[in-house]
Amino acid sequence: MTTQDEPASCKVVLAGSIAKSLQAEVAEGLSKLSKKPLLVGFLANKPTSNVLNLGCKDPAARLYADWTNKTCEENGFKFSLREVDREELEGHILAANQDEIVDGIIVYYPIFNSRQDQYLQQLIDVGKDVEGLSHRYVFNMYQNIRYLDEQKLQKSILPCTPLAIVKILEYLKVYNTILPYGNRLFGHTITVVNRSEVVGRPLAALLANDGACVYSVDVTGVQQFTRGEGIKKRRHEVVEKDGWTLEDCVPLSDVVISGVPGEAFKFPISALKEGAVCISFSTEKVSRSRTVGSRSN
């Protein structure tokens with residue numbers, strides 16, 4: 001959105017307010033456990049042992065690890081950061097898979113910045129993968145399979161940023177709880193400005209699998225994610241919208257989610273549908289509003 005004046009009736013909702021209820025839910029779950037879960041983080045973004053070891057070469061990975069530690073401490077989890085040479089990471093992951101005291105594993109990428117990273121993602125035991133990067137979780141997400149077991153006791157793990165946006169939409173009552181679970185976005189049109197494999201595409205798939213009509217926008221154009229007319233299909237399908245642009249999608253949308261910094265993907269607030277919910281997960285401000293807002297005239 002451009003930096004035009006916001007409508008006077010625009011309501012801003014801070015993400016911290018939403019997090020409080022989720023933290024309470026986590027605390028309730030932890031209270032039922034006999035011990036604090038242990039999350040092990042691997043930081044391997046540093047030179048291998050055959051060259052001068054100057055420590056972590058990726059300050060962003062180090063910052064992410066520090067924030068993981070802080071969040072675990074604040075919410076009742078134990079966290080152990082293990083700094084290893086990247087050539088030895090494979091062995092450390094396999095050992096952590098077998099270690100009964102380790103409940104979860106997180107690896108701070110990129111490490112090799114190549115297909116080797118994808119291989120490492122698949123090494124982590126499904127039961128200890130807290131990021132949902134293993135093939136089984138990715139397959140389940142796109143196929144709209146929500147549980148790992150037939151008894152439906154263990155939910156499939158979802159990637160963190162798309163899941164966070166789903167939780168925001170639930171908090172804002174965009175999800176219609178009168179409808180059956182899995183169909184609660186039926187009737188909503190959503191635009192997602194980002195189609196990365198990490199956030200944008202998974203998010204579009206999740207929202208469409210929940211019943212929404214989703215327009216996914218990136219530099220290559222617009223794609224429509226839906227479960228078909230009347231959400232009769234089990235999982236979403238994707239259709240190219242030839243000739244469509246961001247300006248075609250935004251006025252139709254009840255929800256607009258932006259995650260692409262840059263002038264090319266900004267648009268005037270006047271293009272928004274009345275009552276639209278707007279969410280930004282970009283590092284760059286896309287308007288004068290905060291992270292979450294709702295426009296009503």
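Which residues of α7 are buried? They are Gly200, Pro202, Leu203, Ala204, Ala205, Leu206, Leu207, Ala208 and Asn209, where buried means under 20% relative accessible area, exposed over 50%, and partly exposed in between (1.4 Å probe, protein chains only).

## Basis of the model

This is a predicted model, in which local features need pLDDT of at least 70, side-chain atom pairs count only at pLDDT 80 or more, and totals for chains, interfaces and linings use all residues. Residues are numbered from 1 along each chain as its sequence is written, and side-chain values use heavy atoms, with hydrogens and water left out.

## Overall fold

The protein chain has eight helices and eleven strands. These are DSSP runs, numbered from the N terminus: helices are H or I with at least four residues, strands are E with at least two. Of the 297 residues, 43% count as buried. The accessible surface comes to about 16,200 Å², and carbon and sulfur atoms account for 53% of that; areas come from the Shrake-Rupley method with a 1.4 Å probe, and for residues only the protein chains shown count as cover.

Contact means heavy atoms within 4.5 Å. Among contacts between residues at least 6 apart in sequence, 58% join residues at least 24 apart.

Nine of the ten residues of α7 are buried, so the helix is mostly covered. Its buried residues pack against α5 (135-143), α6, β5, β6 (213-218), β7 (221-226) and β9. Just after α7, Gly211 takes a positive phi of about 110°.

A nonpolar core is a set of buried Ala, Val, Leu, Ile, Met, Phe, Trp, Tyr and Cys residues joined through side-chain atoms within 4.5 Å. In the largest one, of 22 residues, those touching the most other members are Leu169, Ile190, Leu207, Val214 and Ile257. At least two residues of this core come from each of α6 (160-171), β5 (189-193), α7 (200-209), β9 (255-258) and β10 (277-280). A second, separate core has 16 residues, including Val217, Leu246, Phe265 and Cys278.

## Phe265

Phe265 lies in the loop between β9 and β10 and is buried, at 13% relative accessibility. Leaving aside neighbours within four places in sequence, Phe265 contacts Val193, Val217, Asp218, Val219, Leu246 and Val260. Glu247 is 18 residues from Phe265 in sequence, and their C-alpha atoms are 9.8 Å apart.

## Packing of α1 and α6

Helix α1 (residues 15-30) packs on α6 at an angle of about 95°, with the axes 10 Å apart. Axes are lines fitted to C-alpha atoms, for helices over the stretch in contact, and angles run from 0 to 180 degrees between N-to-C directions. The two helices are therefore roughly perpendicular, because angles of 65 to 115 degrees count as such, with under 35 roughly parallel, over 145 roughly antiparallel and the rest oblique. Ser17, Ile18, Ser21 and Leu22 in α1 meet Lys167, Ile168 and Tyr171 in α6.

## Ala65

Ala65 sits in helix α2 (residues 59-75) and is buried, with a relative accessible area of 1%. Beyond its neighbours within four places in sequence, Ala65 is in contact with Phe79, Leu81 and Tyr108. Its C-alpha atom is 9.3 Å from that of Ile106, 41 residues apart along the chain.

## Cysteines

The model has zero disulfides, a disulfide being a pair of cysteine sulfur atoms within 2.5 Å. For Cys213, the closest cysteine sulfur is in Cys249, at 9.0 Å, too far for a bond. Cys213 is buried, with a relative accessible area of 18%, and Cys72 also counts as buried, at 7%.
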